[in-house]
Amino acid sequence: MDHSLPPRAATETGELIGIGQLAREAGCKVQTVRWYEEVGLLPSPARTDGGHRLYGRPHRERLAFIRHAREFGFGLDAIRQLLDLAAHPERPCGDAHALAVTQLAEVEAKLRRLAGLRDELARLVETGCSDGIAAECRVLETLADHDHGHCLSAAHAAADGTVLNNTPAIKLRLESLVAGGSIPSAVSTLGRLPRSRRGKG
């Protein structure tokens with residue numbers, strides 16, 4: 001499906017900007033913008049005769065939506081569904097609520113792993129040897145024990161080997177979305193698309 005934006009339509013929605021300015025406004029790298037285009041989250045832009053990309057207001061607002069959703073930790077598939085809901089405001093928001101609930105559960109799981117990691121690190125620091133020699137270092141000894149024999153629990157190891165940045169902040173923002181069991185403002189919280197793009201998900 002061709003999601004490209006005709007130059008005339010882009011001009012009617014506001015100033016056309018290059019990919020560098022678009023990336024700066026969104027707080028991301030140029031490569032990230034191109035990647036969003038490649039995976040289909042961001043429509044293909046108009047181009048100059050020389051082949052340079054030109055982005056209009058719909059692109060800017062859609063990219064802001066995507067970036068905000070990523071701050072909440074939503075994956076690409078979830079963002080696609082949220083973008084589709086934003087493009088069809090007449091649809092019920094139950095799907096958006098379900099996505100937020102799922103993401104909140106994932107954040108809660110990461111928080112539990114972070115809590116275990118905090119406890120292990122605190123114990124490691126307390127039993128460490130700040131003024132000893134490396135051959136007798138408790139920190140190195142513990143890290144070298146890949147079977148977690150020196151750990152209180154192996155549960156502090158993240159399932160995917162990563163730790164989510166700003167997890168507490170994301171948790172609080174997601175809790176605000178699912179409060180009361182409904183999420184009527186979920187899409188607007190992430191950033192609605194302009195009317196000119198509705199129905200073009």
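Guide: Read along the sequence, this protein chain runs α-α-α-β-β-α-α-α-α-α-α. The model is predicted.

Visitor: How many helices and strands does the protein chain have?

Guide: There are nine helices and two strands. Of the 201 residues in the protein chain, 31% are buried.

Visitor: What share of the contacts with a separation of 6 or more joins residues 24 or more positions apart?

Guide: Such pairs account for 66% of those contacts in the protein chain.

Visitor: How are two packed helices described?

Guide: One gives the angle between their axes and the distance between the axes. Here, helix 2 (residues 19-26) packs on helix 3 (residues 30-38) at an angle of about 100°, and their axes are 8 Å apart. Helix 2 is therefore roughly perpendicular to helix 3, since angles of 65 to 115 degrees are put in that class.

Visitor: Which residues make the contact?

Guide: Helix 2 contributes Ile19, Gly20, Leu22 and Ala23, while helix 3 contributes Val30, Val33 and Arg34. By type, the residues of this contact are five nonpolar, one polar and one charged.

Visitor: Why would residues three or four places apart in an α-helix point the same way?

Guide: An α-helix has 3.6 residues a turn, so residues at that spacing point the same way. In helix 2, the case to look at is Ile19, Leu22 and Ala23, which are buried. Viewed down the axis of helix 2, its buried residues fall within an arc of 95°, so they line one face of the helix.

Visitor: What covers the buried residues of helix 2?

Guide: The cover includes helix 3, strand 2 (53-54) and helix 4 (57-71).

Visitor: Which residue just after helix 2 takes a positive phi?

Guide: That is Gly27, with a phi of about 75°.

Visitor: Now a single side chain. Is Gln103 buried or exposed?

Guide: Gln103 lies in helix 6 (residues 94-126). Its relative accessibility is 8%, so Gln103 counts as buried, the cut-off being under 20%.

Visitor: Which backbone oxygen does the side chain of Gln103 reach?

Guide: The side chain of Gln103 reaches the backbone oxygen of Phe72, at 3.2 Å.

Visitor: And Arg80: where is its place?

Guide: Arg80 sits in helix 5 (residues 76-87). With 34% relative accessibility, Arg80 counts as partly exposed.

Visitor: Which residues does Arg80 touch, not counting those up to four places away in sequence?

Guide: Arg80 touches Val39 and Leu41. Leu41 is 39 residues from Arg80 along the chain, yet their C-alpha atoms are separated by 6.7 Å.

Conventions:
Residues numbered from 1 in each chain as written. Predicted model: local features only at pLDDT ≥ 70, side-chain atom pairs only at ≥ 80, totals over all residues. Heavy atoms only, no water. Helix = DSSP H or I, 4+ residues; strand = E, 2+ residues; numbered from the N terminus. Buried < 20%, exposed > 50% of the residue type's maximum accessible area, 1.4 Å probe, protein only. Polar contact = N/O pair within 3.5 Å; in protein donor to acceptor, adjacent residues only side chain to side chain. Axes fitted to C-alpha atoms, helices over the stretch in contact; angles between N-to-C directions. Parallel < 35°, antiparallel > 145°, perpendicular 65-115°, else oblique. Contact = heavy atoms within 4.5 Å. Nonpolar A, V, L, I, M, F, W, Y, C, P; charged D, E, K, R; others polar. Arc of directions from axis to C-beta.
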